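Today I am going through the charged pairs, one entry at a time.

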Amino acid sequence: MSHKKTCKWYTACPLKFFYEKSRLDKKWVEGYCFGDFLKCARYKMEEEGLSHPDNMMPDGTIDRRLK
Ligand code: SF4
């Protein structure tokens, strides 16, 4: 079993909150937060100090069901 790193923003990320409330598909968390977080649009914007909405998904799309 491999042990990938978790995104350093995970504890503060709104997507963690949505996920724990069962409002977010686990594909996002498994694919990005516990996987390829360097490809996450939120991660990149966080690194650049750019603001982004809480309901922006790792691929940059907006999920209007979440707020
Ligand atoms: S959504 Fe992106 S920034 Fe947030 S914890 Fe997951 S990988 Fe990191």
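**Entry 1: K39 and D36.** I started with K39, which makes a salt bridge to D36; their closest N and O atoms sit 3.2 Å apart. A reminder to myself: this is a predicted model. I then looked up how open each partner is. K39 comes out as exposed, at 55% relative accessibility. D36 is partly exposed, with a relative accessible area of 36%.

**Entry 2: D63 and R65.** Next I checked D63 and found it in a salt bridge with R65, with 2.9 Å between the closest N and O atoms. Is D63 buried or exposed? D63 is buried, because its relative accessible area is 15% and the cut-off for buried is under 20%. R65, on the other hand, is exposed, with a relative accessible area of 63%.

**Entry 3: E47 and K8.** I moved on to E47, which forms a salt bridge with K8, the closest N and O atoms being 3.1 Å apart. Which parts of the chain does this pair tie together? E47 belongs to helix 3 (residues 41–47), while K8 is in the segment before helix 1 (14–20), so the bridge links parts that are 39 residues apart in sequence. For accessibility, I noted E47 as partly exposed at 43%. K8 has a relative accessible area of 52%, so I put it down as exposed, the cut-off being over 50%.

**Entry 4: the tally.** How many salt bridges does the count give? I get 4 salt bridges, among them K39 with D36, D63 with R65 and E47 with K8.

Terms used: Residues numbered from 1 in each chain as written. Predicted model: local features only at pLDDT ≥ 70, side-chain atom pairs only at ≥ 80, totals over all residues. Heavy atoms only, no water. Salt bridge = Lys/Arg side-chain N within 4 Å of Asp/Glu carboxyl O. Helix = DSSP H or I, 4+ residues; strand = E, 2+ residues; numbered from the N terminus. Buried < 20%, exposed > 50% of the residue type's maximum accessible area, 1.4 Å probe, protein only.
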